[in-house]
Amino acid sequence: MNSRRLLSETRRTFPATKVHCQQPSRIVIVDITSPSWTSTCSVLSEALENTLCLACSLTGPCRVPLLSLYVVQSQQECLLPFTQVKENFARIQACISELRLLPGEGCFPQTGNGVVQAVQDGLQQFKQYSRHTAAGGSTNSSVEITILTSQSSKEMAKQLENKLKDVDLVSLRRIQVIEVLKRDFLEPEDVEQCMPAEEPSSTDIAILGMDIDVQTIEDNVISLEVLFKTWLHDYGTEREHLHLLLPSGGFSHAAAPRTTPICLKCDLQERLLDPALLSGTADGTMRAADFNSPFQMAAWPATVLYKLRVVKALKAEGVCESVLYGLPFIIRPTSCWQLDWDELEINQHSFHALCHSLLKRKWMLLAEREPQNTGPNWNIVVHSYYVIVPSDSATLLVKAVAPRELLLPSNFPALLAEHPERARGPVESALNSLEVEVAYNPLHIKSNLYKYLKSVLHKPLHWQQAQPRDQRPERHQPKQHQSRARATVAPLLMAPSPVQAFRPAAVRRDSCERSPLPKEYDEFLQ
């Protein structure tokens with residue numbers, strides 16, 4: 001690839017942003033010299049496009065702020081220089097369409113150095129980008145690289161170790177080397193690891209002062225989508241999200257009994273994407289619940305330190321599902337980098353001990369949230385309560401539970417001991433005709449949300465929201481350029497109106513390029 005062309009593309013796509021973001025930028029490197037690229041191409045492109053349409057549609061701070069896409073053929077080529085993800089879905093989709101059109105297996109020799117050169121080139125691009133945007137107030141200073149290949153991931157990690165010794169890696173947070181294989185090529189011990197899971201398991205190789213994450217996954221849309229969706233999690237480690245306060249209990253290894261509560265420092269992680277975050281208005285206003293409300297916690301963005309004080313233990317079988325409300329959150333031991341190693345280790349061991357004890361006793365915990373601030377009347381504090389549920393893993397689940405004020409009276413009539421056969425027979429027959437699953441697997445349930453989001457992201461602004469007559473421009477006025485509106489998505493529980501799915505056509509190589517910026521930007525970068 002022509003390096004002069006690459007640099008000029010980079011300069012043309014340097015938008016200045018003033019929003020503080022702890023989410024890392026993303027560089028995706030696709031090795032198409034590997035065997036079976038023909039079969040991997042379509043599933044990889046679909047999984048990447050699905051994840052990025054979610055990232056573009058979510059209101060609030062962007063979870064994938066910047067994206068760059070490389071392909072490795074006989075040499076590396078940058079299909080997408082660093083681009084802000086939000087409001088650029090059409091451009092990103094055009095580049096993914098171009099990725100789909102690249103030749104199949106056997107067209108390019110495996111040189112071995114193309115991936116390393118793409119890593120070096122991407123880091124150089126990011127360094128230049130960061131230097132440019134620092135003048136605009138941006139504090140996004142870290143990047144993660146994801147390499148997708150069919151070559152041996154461990155061999156590629158060793159190659160990166162040897163070739164990147166003299167490269168400046170200050171801004172590099174992590175490298176992921178993803179070995180994408182067909183199920184027939186997987187070793188027996190890798191088959192279980194590559195099954196679609198909540199979060200792909202991996203092996204970390206610590207070299208060069210940072211981590212190389214080595215994974216092996218199966219080449220299907222679900223597995224790759226799960227991999228890319230990890231980008232949507234909160235990557236901020238500046239502070240812990242939650243303090244879980246347990247009563248002292250009067251026990252301590254020291255001579256004096258403990259009088260202060262046990263404080264477990266934890267992080268909150270979303271279990272689900274909030275459908276309300278996909279239903280913003282055209283100007284980006286969030287319709288989700290007010291995060292300052294005493295009845296609402298938020299794992300994204302993590303701007304508030306929550307404190308939950310455990311007040312009671314509950315028998316697991318004694319909690320009625322009908323009084324639980326809101327989205328669940330996962331509680332994990334914190335990974336805040338500001339804590340020292342000893343404190344992190346003790347905190348993690350205490351958290352694991354709590355999980356084991358709750359499972360052994362078959363208990364849940366009832367916790368009261370300590371308010372961050374008072375209401376309009378300074379002497380009135382509204383308390384909210386949460387149920388904390390253990391699991392077989394080293395995590396806890398937290399859900400809001402209704403207090404007396406929110407509860408409505410309900411009548412639950414007793415079941416009849418006997419009922420006529422003419423009523424029971426058809427019901428039994430209908431139930432017998434159903435397919436029975438051992439457990440509910442959401443990965444097997446599709447709602448067509450991806451198709452709907454993609455179609456909405458391609459609608460012009462006046463299609464999504466009717467403009468009042470008195471605000472419409474006069475006919476004689478010059479037509480102004482309108483940016484694409486953020487998606488307006490119906491809640492998942494409501495059926496959206498049918499919209500024809502967008503089918504991208506073949507894209508020329510130069511269709512992804514923008515017109516150059518003014519000369520002063522080039523002079524500034526030089």
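Helix α2 passes α10 in a left-handed crossing, a term for a near helix turned anticlockwise from the far one by less than a right angle, clockwise being right-handed. The model is predicted, with local features needing pLDDT of at least 70 and side-chain atom pairs counting only at pLDDT 80 or more, while totals for chains, interfaces and linings use all residues. Residues are numbered from 1 along each chain as its sequence is written, and side-chain values use heavy atoms, with hydrogens and water left out. Helices (H or I, at least four residues) and strands (E, at least two) are DSSP runs numbered from the N terminus.

**α2 against α10**
- The two helices, α2 and α10, pack at an angle of about 60 degrees with their axes 10 Å apart, where axes are lines fitted to C-alpha atoms, for helices over the stretch in contact, and angles run from 0 to 180 degrees between N-to-C directions.
- That angle makes α2 oblique to α10, given that under 35 degrees counts as roughly parallel, over 145 as roughly antiparallel, 65 to 115 as roughly perpendicular and the rest as oblique.
- On the α2 side the contact (heavy atoms within 4.5 Å) is made by Glu 49, Asn 50, Cys 53, Leu 54, Cys 56 and Ser 57, and on the α10 side by Tyr 450, Leu 453, Lys 454 and Leu 457.
- Seven of the nine residues of α10 are buried, leaving this helix mostly covered; buried means under 20% relative accessible area, exposed over 50% and partly exposed in between, with a 1.4 Å probe and protein chains only.

**α2 against α3**
- Helices α2 and α3 pack at about 175 degrees, with axes 9 Å apart, and are therefore roughly antiparallel to each other.
- Residues of α2 including Trp 37, Leu 44, Leu 48 and Leu 52 meet residues of α3 that include Phe 89, Ile 92, Ile 96 and Leu 99.

- Not counting residues up to four places away in sequence, Leu 224 touches Val 43, Leu 44, Ala 47, Leu 148, Val 180, Ile 217 and Glu 218.
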